[in-house]
Amino acid sequence: MRIAKRLQELKPSATMAVSAKAMELRAQGKEIISLSVGETDFPTPEHVRTAAKAAIDEGYARYTQVPGLPELREAVAGYFNKTTGTSAEGKHTIVTNGGKQGLFNLFQSLLDPGDEVLVPSPYWVSYPAMIQLAQGVTVTVPTTSEKGFKASVEDFRAALTDKTRVLLFNSPSNPTGAAYTRDEIDAIMEFALEKGLYIISDEIYDQLVYPPAEHASLAPWWEKAPENVAVMNGLSKSFSMTGWRVGYCLAHEDMVKALSKIQGQSTSCVNVIAQKAAIAALNGPLDELKAMREIFMRRRDLLLDRLNGWSGVSCPTPEGAFYVFPDFSSLYDAARPDSTSLCTWLLEEAGVAAVPGAAFGEDRCIRLSYALDDAALMEALDRIGRALGLG
Ligand SMILES: Cc1ncc(COP(=O)(O)O)c(C=O)c1O
């Protein structure tokens with residue numbers, strides 16, 4: 001069968017590949033604990049589920065406006081205003097099929113062939129593929145665990161060329177959990193704007209930042225430079241709604257129009273029931289999120305304690321999201337020379353699924369998610385420790 005050339009070079013998602021392998025082993029009767037998940041293990045809040053049921057009963061069944069129900073766009077603007085102090089309006093927002101579609105369409109709207117995007121590495125698996133499909137070029141900006149996996153102005157400057165068009169920012173980060181401080185962000189933004197770059201900020205984990213760290217959003221910078229900044233976010237992680245597929249962007253009105261043009265010709269709009277539920281989520285109380293955050297923080301500490309107690313393994317403290325990204329490279333050997341072979345071996349020998357760091361551009365590390373209960377988490381660590389003789 002003939003498939004378009006641009007797809008032949010596209011890599012399938014590595015995280016999905018790990019899940020597929022874990023499912024295959026489960027089907028063979030093996031008991032697998034998955035530390036590869038990218039979604040919370042909490043239910044969607046009850047008031048959000050109730051709003052969805054009511055929307056069905058009230059007969060919501062039709063297409064909505066392409067950029068989203070006006071009431072939801074107001075709720076999105078309201079969420080930014082209450083959490084970041086902006087004075088955004090509904091017209092500055094668009095509702096997308098998950099944050100993923102927002103990002104995808106931003107790259108489609110911004111990049112001409114050969115335009116470069118600065119992407120701090122380790123990076124989320126989908127960025128390079130999205131950039132490639134928009135005919136752009138990913139220029140990675142390497143970071144190190146010693147510096148908490150954060151890129152500095154100097155790191156960005158070293159990667160800048162006359163083709164650089166976009167700087168992509170993801171704080172807190174998947175896979176490292178690194179969360180930038182307000183001062184760090186301000187310095188990077190001053191640099192990026194001075195160079196005339198467009199900045200995309202992926203803030204999908206905004207509600208999952210652990211004290212004393214605080215989430216520093218780029219939304220206030222959107223307010224200062226609306227033509228150069230877009231903030232992408234969504235309900236997937238914060239409201240435990242991955243399968244509902246609701247994301248959104250905050251951007252200049254002209255960018256919102258561009259994004260709507262693509263959406264209008266591709267997916268039309270987001271599912272209306274999910275949009276009605278999203279209004280309840282964004283306008284509702286945020287206390288359940290606080291409880292979830294506290295549980296995640298405790299799990300993170302449990303995990304770090306174990307990992308850093310293993311000789312040869314090191315892991316900086318992630319300040320957000322629900323992943324740790326430890327360096328296992330001192331345990332690589334002839335049989336398991338890299339993160340991919342180590343993860344395959346852990347899956348087969350220890351029954352634990354983890355994602356190879358190679359998928360995120362850092363082969364020394366592996367990504368472990370702590371979006372599962374304490375008992376399963378501890379059992380998974382026991383298994384890894386036993387399999388690798390770490391105790
Ligand atoms: C860093 C990052 N950005 C964006 C997304 C997209 O999330 P969604 O499309 O579910 O809103 C994810 C999901 O895993 C992510 O980890």
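Where is the place of Pro172? In this predicted model, Pro172 belongs to the loop between β5 (164–170) and α8 (182–194). The points below take up this loop, a further backbone feature, the ligand site and the annotated domain.

1. The loop between β5 and α8. Pro172 is joined to Ser171 by a cis peptide bond, with omega at about -5 degrees. Pro175 also lies in the loop between β5 and α8, and a cis peptide bond links this proline to Asn174. Omega for the bond between Asn174 and Pro175 is about 25 degrees. As a general rule, most peptide bonds are trans. A colleague examining the loop may wish to view Pro172 together with Pro175.

2. Backbone at Gln135. Although Gln135 is not a glycine, its phi is positive, at about 65 degrees. The residue is found in the loop that runs between α6 (126–133) and β4 (137–142). In general, most residues other than glycine have a negative phi.

3. Surroundings of the ligand. The ligand sits in the largest pocket and is surrounded by 13 residues. The closest of these are Gly99, Asp202, Ser236, Lys237 and Arg245. Sorted by class, the shell holds four nonpolar, five polar and four charged residues. Helix α5 (residues 98–110) provides the largest share of the shell, namely three residues.

4. On the side of Asp202, a side-chain N or O atom is 2.5 Å from a nitrogen atom of the ligand. For Ser236, the separation between a side-chain N or O atom and an oxygen atom of the ligand is 2.6 Å. For Arg245, a side-chain N or O atom is 2.8 Å from an oxygen atom of the ligand. Taken alone, the ligand exposes 400 Å², and the protein buries 92% of that area.

5. According to UniProt, in an unreviewed entry, residues 31–384 carry the annotation "domain: Aminotransferase class I/classII large". In the model, this span is 41% helix and 14% strand. The C-alpha atoms at the ends of residues 31–384 lie 14 Å apart.

Technical notes
Residues numbered from 1 in each chain as written. Predicted model: local features only at pLDDT ≥ 70, side-chain atom pairs only at ≥ 80, totals over all residues. Heavy atoms only, no water. UniProt positions renumbered as here; feature names shortened; annotations may be inferred. Helix = DSSP H or I, 4+ residues; strand = E, 2+ residues; numbered from the N terminus. Near = heavy atom within 4 Å. Polar contact = N/O pair within 3.5 Å; in protein donor to acceptor, adjacent residues only side chain to side chain. Areas by Shrake-Rupley, 256 points an atom, 1.4 Å probe, with all protein chains shown as cover. 1 Å grid on protein atoms, 1.4 Å probe; cavity = no way out; pocket = protein on both sides within 12 Å on 5 of 7 lines; lining within 4 Å. Sits in = over half its atoms within 2 Å of the grid points. Nonpolar A, V, L, I, M, F, W, Y, C, P; charged D, E, K, R; others polar.
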